[in-house]
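Me: Please take a close look at one helix in this model. Then place it in its wider setting.

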Amino acid sequence: MKDYSELNGLELDTLREIGSIGTGNAATALSSMLGCTVHMETPEVRIMGYNEAIEWIGGPETVTAGVLARVEGEIGGIMLAVQKMEFVNVALQRMVGHQIGEYDQLDELDISALVEVGNIMISAFINALSGLTNMTIKLSVPAFAVDMQGAIIAVPMAEFGGQSDYIMAIGAELICEGHTMPCRILLSPDIRSLNFLLKRLGVLDE
Amino acid sequence: MNSNKVVVGIADMKIIQGSGELVTYALGSCIGICLYDPAIKLAALVHIMLPLNMETGRKSPMKYADTGIRETLKQMESWGAKRIRIVAKIAGGAKMFEIPGGGSLGNIGQRNIESVHLNLKREGIRLLKEDVGGTVARTLRFDAATGQGYIHSYGKPESIL
């Protein structure tokens, strides 16, 4: 079994490719949900330690929204879509016709809209992964939280923290009618699944 | 007080003495454990993520409640702390996501709380105060001069630990 820190160049490139294709699919799904063309600027896929990942996403105390789903089936893990304020406001404007200044202004309708957006993006990402690998992958019902982002992204880290000190994070700027929607997705397959995934794609160097 | 602020990351531990402040940000299901020897004003803060260390190599003892507490106490003793004087305050162990049909996901915070309690008891350390559980993240500051803790959560006034 290989941990994230033990992957070679080809294996890392493959994960980056998965990240790009998954995010591309998520952007397309977002287009149809928001009813506008969503362009994606070159996504960045990184594998980072806990504290590095928290800095990368913008510091531990910044408040953000997160939509989380458990990945089940042939691979197991957690997917988390982090919805920064700029993202939230573009999505809400298109879907419910208003914006917010602070996260505590989210009403029930806003929250269900954001959960739906997160869920669609996560599902599109996982569908791409499933198509690439010909694996059956299921997702749990999504959960939603608003809090300090350090605590939110610690959830997927803690879930597999006993196996690995690293997490895979994908960042991309999505552009919807001139508005930038920062998209941050954290994918944390357990180590067995990571190995299975790379093997399935034919790149695992055992 | 903020002039000498030492940041404790995830799965990390820091010790300071006499003055200054230890801080750890955004504890969700993780727990911040403040250990203090008032006689020599020695303050340690460890930020653990999981209840039990089952790693083969045990490369990161501070990631876990059991090895984190044990290793921190050992280091405090090497600074001259006496175990009989060391007291503890803890914060964290929240449940950040309510997952329908949850599985073990939501329970990490609760398991962390139980493990910290058990390990403090096992090491003979008195738990003075705690602010644990619930559903919100906490930032924890710990003042080495007084042994006082401060907790900040999103949308709430600061509270004293």
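Reply: Start with helix α1 of chain A, residues 9-34. At 1.5 Å a residue its 26 residues should span 38 Å, and the end C-alpha atoms are 37 Å apart, which agrees. The expected span is 1.5 Å times one less than the number of residues. Helices here are DSSP runs of H or I with at least four residues, strands are runs of E with at least two, and both are numbered from the N terminus.

This is a predicted model: local features need pLDDT of at least 70, side-chain atom pairs count only at pLDDT 80 or more, and totals for chains, interfaces and linings use all residues. Residues are numbered from 1 along each chain as its sequence is written, while chains are lettered from A and ligands numbered from 1 in the order in which they are written.

Now the burial along α1(A). The buried residues are E11(A), L15(A), I18(A), G19(A), G22(A), T23(A), A26(A), A27(A), A29(A), L30(A) and L34(A). Buried means 20 or more other C-beta atoms within 10 Å of a residue's own; exposed means 12 or fewer, partly exposed lies in between, and C-beta atoms are placed from the backbone. An α-helix has 3.6 residues a turn, so residues three or four places apart point the same way. After α1(A) comes G35(A), with a positive phi near 70°.

Next, the contact between the chains. Chain A gives 24 residues and chain B gives 28. Two residues are in contact if their C-beta atoms, placed from the backbone, lie within 7 Å. On the side of chain A that touches chain B, α2 (50-56), β3 (63-73), β6 (143-148) and α5 (149-159) each supply at least two residues.

Chain B has two helices and ten strands. Along the sequence they run β-β-β-β-β-α-β-α-β-β-β-β. The C-alpha trace of chain B spans about 50 × 40 × 25 Å along its principal axes. Of its 161 residues, 47% are buried.

Five strands of chain B form an open sheet with mixed pairing, in the order β1-β3-β8-β9-β10. Its edge strands are β1 (5-7) and β10 (159-160), each pairing on one side only. Strands pair if DSSP finds at least two bridges between them. β1(B) pairs with β3(B), residues 21-27, in the parallel sense over three bridges. V6(B) stands opposite L22(B) in β3(B).
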